[in-house]
Every structure is written in C-alpha cells, then in structure tokens.
Amino acid sequence: MQTSKNSWVFLVIVAVLTALSVVGLLKLKPVYGLDIEGGVKLVYQIDQTSIPEDSTQTLSQIQRIVLKNLERRAIGALAVAEPTVQAKGIDQIVIELPGSDDIAKAKEIMSSTAKIQIYHAKNVVTPEASSSSRRYAIGDREQDENGAPVVSFNRTRGNMDPIEAGTEEYAKMIEGWTLILEGEDVARAEVITANKGVYQPQFYFTKSGADKMSAFTRRYASLQENIAFVLEGRVLSIAHIKKGAQLSDNAFIDGEFEVGYVRELVELVNSGAL
C-alpha cells in the first residue's frame, strides 16, 4: 500500500490502533495473592487455552514478554522500587512487591490489560472541517523520555493553552470520538526498517479489522476525517485520511522512533498485555 506521508500517518493510527495481537487473547489468571512480610506476593498463571493454535510465539517467549511487562508495571504504576518478578516453571510468574500493603490495588493494576484503540476523531479540525465547526485542533507531536510519541491539542476558541495528555479535558475530548478498531482486530505486529537506522512498527489486521477499516475509509475518505491511535488515554498518532485512500489489511506508523520503543511496542501488541 503506497500513499503520501500524511496517509501513512493515518495508517499508523489505524494500524497500531488495532493493537492486541494473535496472542492478544492471552489471559493471565491470578493463582493466589498473599500478604508477605512487608509487602504483597502474587502468582499468575498463563491461560494456555487462550493462545491461538497458529501463534508463532512459544510459551516461553510469551512468559518472557509478560514477565518484563509486569515488572515495568510494578515499578511504574505501583511505584515499587525493587519488585521481584520471576518465572516459575513454563507458565507461571511470581511477583513480590516489598513495601506494598494494598493487595486489592496490586491485583487490580497487575491484572489489568491496556488496549490500543483506533478512533474517528470527529471533533478535531480537518482540511474539510474548519475551526468554526470543530472544538479542537491538532497541537504538538512529541516523544517522551522513552521515545514514545504523544500528541497534544489546542482549543479552537476560548482558552488557547495546549491540552496535554493526562488532563481531564484531554480525556473528555477522546470520549467524544467514535471507536473504529481495538485490540482483537490486530493480528500481529513487526518491526520494519524504512531507511538506514529508521525503525517503524507495522501492523497486520484480522479480516474483521480490515473490513472495519475499509468500511470507515469508504465512508469518510472524501471528507478527509481524522483517525487517531490511542493507548491508555494518550494519543500516539493522529492524521486525516487522504482523499481516495483506502485502508485495508495492514499499515505502519510513519516517523523516526527509538528502536527500543518500536520493539517494545511490537512486543506489547503481540503479547496482548501491557
């Protein structure tokens, strides 16, 4: 599929947007949760029945990816300085969270699954819809300290201060969008090399996902509507559909990203869990 750069950006959105992969059906089941001296201990078991028969990843590979993601979550979301996250056998993961005393909160955060979602950003200015009819306009596109992209927005009237990710208004803006695709509509993801030293994530959609994207572009391509890729309430990419473009079964995110971020994103999509 070849289109202009803007088209790729929107493709990006579309692609990533569809985030959980073949293994996106992966489920982690808590075997038990126990208070331990000065903290909490959790044991999780991978639900092997939810792994598709045609998955290209072995159980040990899935265990390794999930283990790394759970460790990151323990440090980030739970703010545990030195968590212990270890593999047990071929399908279990043992987590010890020293200093944590809220087992309910620990189980909720460690068990939750974040989805990559693709939206029709219908309240954002497009080449066809001006600021007189839309409340928001695309602002700065930046990368955080981990190389992950994030988009801010501007109001088209009133207070003109940027609307940053994590704020109440940012969340309400996204609530006004229409969901096109999410997790289970993405079959798999892989790292591709655009140019020397430039790495990008490419996504392949399921038949259902491809049908949804095709239907959306057929309806809105002539209007150049915006497609946005959202992860955990944060817009990673947004762009309008180029006139005459037709999205279908695959897309990639256009841009230059840290190779570590691209690989991590692809792993997250393919593991189906953050």
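Helices (H or I, at least four residues) and strands (E, at least two) are taken here as DSSP runs, numbered from the N terminus. By that assignment the protein chain has six helices and 13 strands. The model is a predicted one, in which local features need pLDDT of at least 70 and side-chain atom pairs count only at pLDDT 80 or more, while totals for chains, interfaces and linings use all residues. Residues are numbered from 1 along each chain as its sequence is written, and side-chain values use heavy atoms, with hydrogens and water left out.

Of the 274 residues in the protein chain, 51% are buried, where buried means under 20% relative accessible area, exposed over 50%, and partly exposed in between (1.4 Å probe, protein chains only). The chain exposes about 13,300 Å², of which carbon and sulfur atoms supply 47%; accessible areas come from the Shrake-Rupley method with a 1.4 Å probe, and for residues only the protein chains shown count as cover. Among contacts (heavy atoms within 4.5 Å) with a separation of 6 or more, 68% join residues 24 or more positions apart.

In soluble globular proteins, nonpolar side chains tend to be buried together. A nonpolar core is defined as a set of buried Ala, Val, Leu, Ile, Met, Phe, Trp, Tyr and Cys residues joined through side-chain atoms within 4.5 Å. The largest such core has 29 residues, and those with the most contacts inside it are Ile180, Phe203, Met213, Ile227, Leu265 and Val269. Two or more residues each are given to this core by strands S5 (116-120), S8 (178-182), S9 (186-195), S10 (198-205) and S11 (226-231), together with helices H5 (207-220) and H6 (259-271). Helix H6 provides the largest share, five residues. A second, separate core of 18 residues includes Val40, Ile46, Ile95 and Ala106.

Leaving aside neighbours within four places in sequence, Thr178 is in contact with Ile118, Tyr119, His120 and Lys122. Thr178 and Ile118 are 60 residues apart in sequence, yet their C-alpha atoms are 8.7 Å apart in space. With Lys122, the side chain of Thr178 makes a side-chain polar contact of 3.1 Å, a polar contact being a pair of N or O atoms within 3.5 Å of which, within protein, one must be able to donate a hydrogen and the other to accept it, residues adjacent in sequence counting only if both atoms are side-chain atoms.

Ser214, in helix H5, counts as buried because its relative accessibility is 13%. Beyond its neighbours within four places in sequence, Ser214 is in contact with Gln246, Leu247 and Ser248.
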